[in-house]
Amino acid sequence: MSRQKTIDQTQLFYETEQLILEAGYTGFHFKALAERLGVARSTIYNYYPRKEELITAYMLHLIEEAVRKMDDAIKSEEPLKTLLRIWVKYANMHQMLQIMPYIDQKATPKVEENTQKMYVLFRKMKKKISDVLYKGQQEGQIRTDIQMPTLVGLMMATVQIPVHTELEEWVNEVHDLLLNGFTN
């Protein structure tokens, strides 16, 4: 049976994420990825000559998707809950970003370009989170005595809270904790 000659980008990015989450950056190799995709290694090299290019392209795609969806949060009836729903959907983004220090960010011009774009998008993401939180402050739902960087950091840290229930129940619990704290 011959191997596929083309790769579906969605499947490639999915398997890239899965392999990184399972094996980490140092355990990520095109050979293992090719086996998962059922293609020859050379097929992957046709798309991405270096693993840094593939990983940064995937991470850029992930952040672009999240930022795009965050536009919906500010327009929704419950912006904070909408943001939490988006945030939990992209929970693996946090783990993926933790490998950035291990990536040679100057490996190729494309890696450097992807990295710069990611940092720009990351700042946009923080701004969008700030906008949602500011809207909550204006509506009297979120405290104004806490500095915005602290609130944004707390919001971004919610991605590390394990989802141990149905998604909507998790969103409601985290939303309640964010608005009401730990006290009765």
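Start with the whole chain and its contacts. Take the contacts between residues at least 6 apart in sequence: 66% of them join residues at least 24 apart. Keep in mind that this is a predicted model.

Now switch to cartoon. The protein chain shows nine helices and zero strands. Trace it from the N terminus: the elements run α-α-α-α-α-α-α-α-α.

The accessible surface of the protein chain comes to about 10,700 Å². Carbon and sulfur atoms hold 51% of that area. As for what lies inside, 42% of the 184 residues count as buried.

Colour by charge. The protein chain carries 23 positive and 24 negative side chains. How far apart do the centres of the two sets lie? They are 7 Å apart.

Now select Glu166, Glu169, Glu173 and Asp176. These residues gather on the surface in a patch of negative charge.

Zoom in on Asp176, one of the residues of that patch. Which helix holds Asp176? Asp176 lies in helix H9, which spans residues 167-180. Select that range to see the helix around Asp176.

Last stop: the cover over Asp176. Its relative accessibility is 39%. Buried means under 20% and exposed means over 50%, with partly exposed in between. Asp176 therefore counts as partly exposed, at 39%.

Conventions. Residues are numbered from 1 along each chain as its sequence is written. This is a predicted model: local features need pLDDT of at least 70, side-chain atom pairs count only at pLDDT 80 or more; totals for chains, interfaces and linings use all residues. Side-chain values use heavy atoms; hydrogens and water are left out. Patches are made of residues with over 30% relative accessible area and no salt bridge: like charges are joined within 9 Å, nonpolar side chains (Val, Leu, Ile, Met, Phe, Trp, Tyr) within 5 Å. Accessible areas come from the Shrake-Rupley method with a 1.4 Å probe; for residues, only the protein chains shown count as cover. A salt bridge is a side-chain nitrogen of Lys or Arg within 4 Å of a carboxyl oxygen of Asp or Glu. Lys and Arg count as positive and Asp and Glu as negative; His and the chain ends are not counted. The place of a charge is taken as NZ of Lys, CZ of Arg, CG of Asp or CD of Glu. Helices (H or I, at least four residues) and strands (E, at least two) are DSSP runs, numbered from the N terminus. Buried means under 20% relative accessible area, exposed over 50%, partly exposed in between (1.4 Å probe, protein chains only). Contact means heavy atoms within 4.5 Å.
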